[in-house]
Amino acid sequence: MRQSIPLVGEPKQGKNMNIEAMTTTINELLDKDVGMGASVSVILEVERVLGVQFPKDYEAYLRTYGWARLINDELYGLGDSVPAHLNLVTNTLRERRDFRPYLPKHLVPVMPDGAGNHYCIDLSIASSGKCPVVFWDHEEGEQQIPRNIGPSFSDWIVEHVREQA
């Protein structure tokens with residue numbers, strides 16, 4: 001069983017600082033809609049269904065918000081209040097099975113770009129419990145090497161929101 005993830009208000013140490021920066025950035029954003037978060041049991045079931053283990057910062061996002069609309073961008077997610085078009089499981093499985101090029105199993109889409117491409121967590125590359133965010137371009141085919149966009153989900157979302165605001 002995995003340990004609980006420290007959230008805002010817990011000690012500022014190492015990777016927890018990235019999680020705190022992420023939650024602070026999202027919480028301070030005025031133009032947003034967010035969910036109520038997903039339970040640990042839901043997250044564990046989704047990891048089982050998708051055959052993955054989420055990095056700690058992405059799990060913290062799912063536990064805290066579930067899903068989000070940040071300014072003009074919508075992030076996939078989980079939980080009782082997630083809009084159907086943002087359901088992480090549905091979108092991941094459809095991208096893996098129904099749409100070409102098929103999304104590799106080590107990529108988990110976190111945000112669409114509106115043109116058939118996705119920002120994804122690359123679970124094949126982990127360093128200190130972090131996985132980079134990459135850009136999956138549907139025009140590039142299944143053999144592509146997705147472009148690295150950020151060192152981790154939390155770092156990427158903080159930078160992305162700051163660029164959009």
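The protein carries 16 positive and 23 negative side chains, and the centres of the two sets lie 6 Å apart. Here Lys and Arg count as positive and Asp and Glu as negative, with His and the chain ends not counted; the place of a charge is NZ of Lys, CZ of Arg, CG of Asp or CD of Glu.

This is a predicted model, in which local features need pLDDT of at least 70 and side-chain atom pairs count only at pLDDT 80 or more, while totals for chains, interfaces and linings use all residues. Residues are numbered from 1 along each chain as its sequence is written, and side-chain values use heavy atoms, leaving out hydrogens and water.

Let us turn to the fold. Five helices and seven strands form the secondary structure, in the order α-β-α-α-β-β-α-β-β-β-β-α along the sequence. The radius of gyration is 15 Å, close to the 15 Å that the globule rule gives for 165 residues, so the protein is as compact as a globular protein of that length. That radius is taken over C-alpha atoms, and the rule is 2.2 Å times the number of residues to the power 0.38. Helices (H or I, at least four residues) and strands (E, at least two) are DSSP runs, numbered from the N terminus.

Of the 165 residues, 48% are buried, meaning under 20% relative accessible area with a 1.4 Å probe, protein chains only.

Finally, which residues of helix α3 are buried? In this helix, residues 56-64, they are Asp57, Tyr58, Glu59, Ala60, Tyr61 and Leu62. Gly66 follows α3, and its phi is positive, near 85°.

Key
Buried means under 20% relative accessible area, exposed over 50%, partly exposed in between (1.4 Å probe, protein chains only).
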